[in-house]
Amino acid sequence: TRKATQFFSSGSEHDSGRMAHKIMPGPDGEPVIVQHDPDREPPLWLLAAAPAAAVSLALFLSARADIFGMFSDEFELRNGGWPCPYCLKVNKAGEEICKTCGAKRPEGAYLMANREPDQKQ
């Protein structure tokens, strides 16, 4: 108990006034008094930003197939590909049947491939 008394004494040469003390359970289950240094804790902004960063990362990882698929679909459409009217899968220009649902290529699907780049529909 003498060490605990010295530990709590104010104005000691080791106590800068910034240290707090807390009681934690020791290895044998008995309470132990330990120093608590606020400089070793993470800043509050990090505690607030960490959940937002985790949610943002989860949203990005769950939507990455859609994001990258959007760019590949645009590439296929520019090269004469056609969107299936039933499942909306973008198929390659040379395909006559949708690989996803098996529907036949519609008649108007050639319009996008045959138009000039500077013309508007």
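Trainee: How far is the sulfur of Cys-87 from the closest cysteine sulfur?
Mentor: This is a predicted model, and in it the closest cysteine sulfur to that of Cys-87 belongs to Cys-98, 3.5 Å away. That is too far for a bond, because a disulfide requires the two sulfur atoms to be within 2.5 Å.

Trainee: Let us turn to the backbone. What is the phi of Leu-88?
Mentor: Leu-88 has a positive phi of about 65 degrees, although it is not a glycine. Most residues other than glycine have a negative phi.

Trainee: Where is Leu-88 found?
Mentor: Leu-88 sits in the loop that links strand S3 (82-83) to strand S4 (90-91). Leu-88 is exposed, its relative accessible area being 64%.

Trainee: Now helix H2. Why does its end-to-end distance agree with its number of residues?
Mentor: H2 has 35 residues, so at 1.5 Å a residue it should span 51 Å. The C-alpha atoms at its ends are 49 Å apart, which agrees.

Trainee: And where does H2 bend?
Mentor: H2 bends at Ala-63, by about 55 degrees.

Trainee: What follows the helix?
Mentor: Gly-80 follows H2, and its phi is positive, near 95 degrees.

Trainee: Which residues form the nonpolar patch on the surface?
Mentor: The patch is formed by Leu-57, Phe-60, Leu-61, Ile-67, Phe-68, Met-70 and Phe-71. Together they have about 700 Å² of accessible area. One of them, Met-70, has its place in helix H2, which covers residues 44-78.

Trainee: A change of topic: how many salt bridges does the search find?
Mentor: The search of the whole structure finds three. One of them joins the side chains of Arg-78 and Glu-74, with an N to O distance of 2.9 Å.

Trainee: How many residues apart are Arg-78 and Glu-74?
Mentor: Arg-78 and Glu-74 are four residues apart, about one turn of the helix, and both lie in H2. In general, an α-helix has 3.6 residues a turn, so residues three or four places apart point the same way.

Trainee: Is Arg-78 buried or exposed?
Mentor: Arg-78 is exposed, at a relative accessible area of 66%, whereas Glu-74 is partly exposed, at 36%.

Trainee: And which side chain meets that of Glu-95?
Mentor: Glu-95 meets Lys-99 in a salt bridge, at 3.4 Å from N to O. Glu-95 is buried, with a relative accessible area of 15%, while Lys-99 counts as exposed, at 67% relative accessibility.

Trainee: With which residue does Arg-105 form a salt bridge?
Mentor: Arg-105 forms one with Glu-96, and their closest N and O atoms are 3.6 Å apart. Arg-105 is buried, its relative accessible area being 9%. Glu-96, at 43% relative accessibility, counts as partly exposed.

How values were computed: Residues numbered from 1 in each chain as written. Predicted model: local features only at pLDDT ≥ 70, side-chain atom pairs only at ≥ 80, totals over all residues. Heavy atoms only, no water. Patch = residues over 30% accessible without salt bridge, like charges linked within 9 Å, V, L, I, M, F, W, Y side chains within 5 Å. Areas by Shrake-Rupley, 256 points an atom, 1.4 Å probe, with all protein chains shown as cover. Salt bridge = Lys/Arg side-chain N within 4 Å of Asp/Glu carboxyl O. Helix = DSSP H or I, 4+ residues; strand = E, 2+ residues; numbered from the N terminus. Buried < 20%, exposed > 50% of the residue type's maximum accessible area, 1.4 Å probe, protein only. Expected span 1.5 Å × (residues − 1). Bend = angle between axes of the 7 residues up to and from the residue.
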